Amino acid sequence: MSDLARGWSRLRAWSASHGPELRLCVRSTTAAVLTLAAAQVLHLPIALWAVLTAVILTQISVGRSLKATIDYLVSTLGGAVYAGAIGALVPPDNQFAMFVGLAIALAPVLLAALNARFSAAPFTAVMVFFGPSITHTGPIAAAFERVIEVAVGCVVGLAVSLVVLPARAHDLAVKAATEMLELMARSLPELFIGFTQSLDRPTLASIQSRIGEAFAQLDKAALEAQHERMTRLRAEPDQAPLLRTLLRLRHDLIMIGRAAVAPLPGVFEARLGPWLARMSDTVADYLHASAAALSTRQGPPPLDHVEATLDGYAAEIAALRRQGLTRELPDDAVERIFAIGFALDQLHLHLRDLARCLAEFAPARSAAVAQAAASAGPARP
């Protein structure tokens, strides 16, 4: 293979792995060029602010662009009106008046500190206050021009986000949920191995930290998707139940990790270890299959293997208790064994919730999908 072919292959692989970033680059460039054209058509005094606004508000997803546009426009309008009034009441005719007027005009800094949605207000106040010295207009005219410039940038930036290679926050949230399911599936064997082998606490902490970071990304994407649904830009299933279910599954893994801080004692390791290893494999397979189903918008995979393994583990625990072996254990070991049982019961319950969520995301609710959703039970708050 020639160097040119290898370079082209690497470029294609890189572009395939950086699709969202490349699409954002195209959207930002398009928004900047179109905003500049609109500013020239409308004869805006300073096209710079309109172009900057469009670039700033062209975000990675439509939902984030929509929220940023609303926040930026509202804070700009408030800052412009306030600073225009201050400029009219305290005209900067001399240095003393300029210092006093600027100090008063920057009062929106407090509002921005209290609520990040108004972060553009102080910047706008400064621009409007010093605008007359740049455009040689009055403070009211400077405030009006600032609002018009930002409005043009907002409209063009949002339109480009909706039309040019749009990235729906709903799709990004589904992708984040899929990645979290895959991560939990890979993490389960690492956690369950602690029941039969020593597992150091830094390893446990690292596993839980990675899952926590994945959930934080999902939560952020789901919030942006909510903004899309509120504006009815696209009809999509409510992601709140899926978000709650994944959070509960994360808590289940935390409980399992706490119970796996040390190997099981004696005969319990010999008799429960194989069932726990089988449980780890079956649940991991189910999570992998669930991630694939969510990614392709298919119905949930069957829970038969997971439930059969749970039944086998429960039967083995019952046999150990009938033989009175639990009475010979110290209190902390008994607590751990019962904690494992509780965590597995919760895991089973939340896997059923996951099946119901996957059924809701499937576009065509076939009879099999509907039956899977019904067997998962009613929705839980």
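The questions and answers below go from the whole chain to single residues.

Modeller: A word on the source: this is a predicted model, where local features need pLDDT of at least 70, side-chain atom pairs count only at pLDDT 80 or more, and totals for chains, interfaces and linings use all residues. Residues are numbered from 1 along each chain as its sequence is written, and side-chain values use heavy atoms, with hydrogens and water left out.

Biologist: What share of the residues of the protein chain count as buried?

Modeller: Buried means under 20% relative accessible area, exposed over 50%, partly exposed in between (1.4 Å probe, protein chains only). The protein chain has 381 residues, and the buried share is 44%.

Biologist: Are helix 12 and helix 13 roughly parallel or roughly antiparallel?

Modeller: Their axes (lines fitted to C-alpha atoms, for helices over the stretch in contact, with angles from 0 to 180 degrees between N-to-C directions) belong to residues 266-296 and 304-322 and come within 9 Å. The crossing angle is roughly 165°. Angles under 35 degrees count as roughly parallel, over 145 as roughly antiparallel, 65 to 115 as roughly perpendicular and the rest as oblique. Helix 12 and helix 13 are therefore roughly antiparallel.

Biologist: How many nonpolar residues are in the contact of helix 12 with helix 13?

Modeller: Contact means heavy atoms within 4.5 Å. Ala, Val, Leu, Ile, Met, Phe, Trp, Tyr, Cys and Pro count as nonpolar, Asp, Glu, Lys and Arg as charged, and the others, Gly among them, as polar. Four residues are polar, three are charged, and the nonpolar count is 13.

Biologist: Helix 13 and helix 14: are they roughly parallel or roughly antiparallel?

Modeller: Helix 14 spans residues 331-361, and its axis comes within 11 Å of that of helix 13. The two axes cross at roughly 160°. That angle makes helix 13 and helix 14 roughly antiparallel.

Biologist: Is Thr124 buried or exposed?

Modeller: Thr124 lies in helix 7, residues 120-135. Outside four places in sequence, Thr124 touches Thr76, Gly79, Ala80 and Arg146. Its relative accessible area is 0%, so Thr124 is buried.

Biologist: Which backbone oxygen does the side chain of Thr124 reach?

Modeller: The distance is 2.9 Å. The backbone oxygen belongs to Ala120.

Biologist: Is Arg297 exposed, partly exposed or buried?

Modeller: Arg297 sits in the loop between helix 12 and helix 13. Most residues other than glycine have a negative phi. Phi of Arg297 is positive, near 60°. With 24% relative accessibility, Arg297 is partly exposed.

Biologist: And His43, buried or exposed?

Modeller: His43 is in the loop between helix 2 (19-42) and helix 3 (47-57). His43 has a positive phi too, about 60°, and is not a glycine. The relative accessible area is 67%, so His43 is exposed.

Biologist: How far apart in space are Leu36 and Ala47?

Modeller: Leu36 is in helix 2. Beyond four places in sequence, Leu36 is in contact with Ala47 and Val51. Leu36 and Ala47 are eleven residues apart in sequence; C-alpha to C-alpha, the spacing is 6.3 Å.

Notes
Helix = DSSP H or I, 4+ residues; strand = E, 2+ residues; numbered from the N terminus. Polar contact = N/O pair within 3.5 Å; in protein donor to acceptor, adjacent residues only side chain to side chain.
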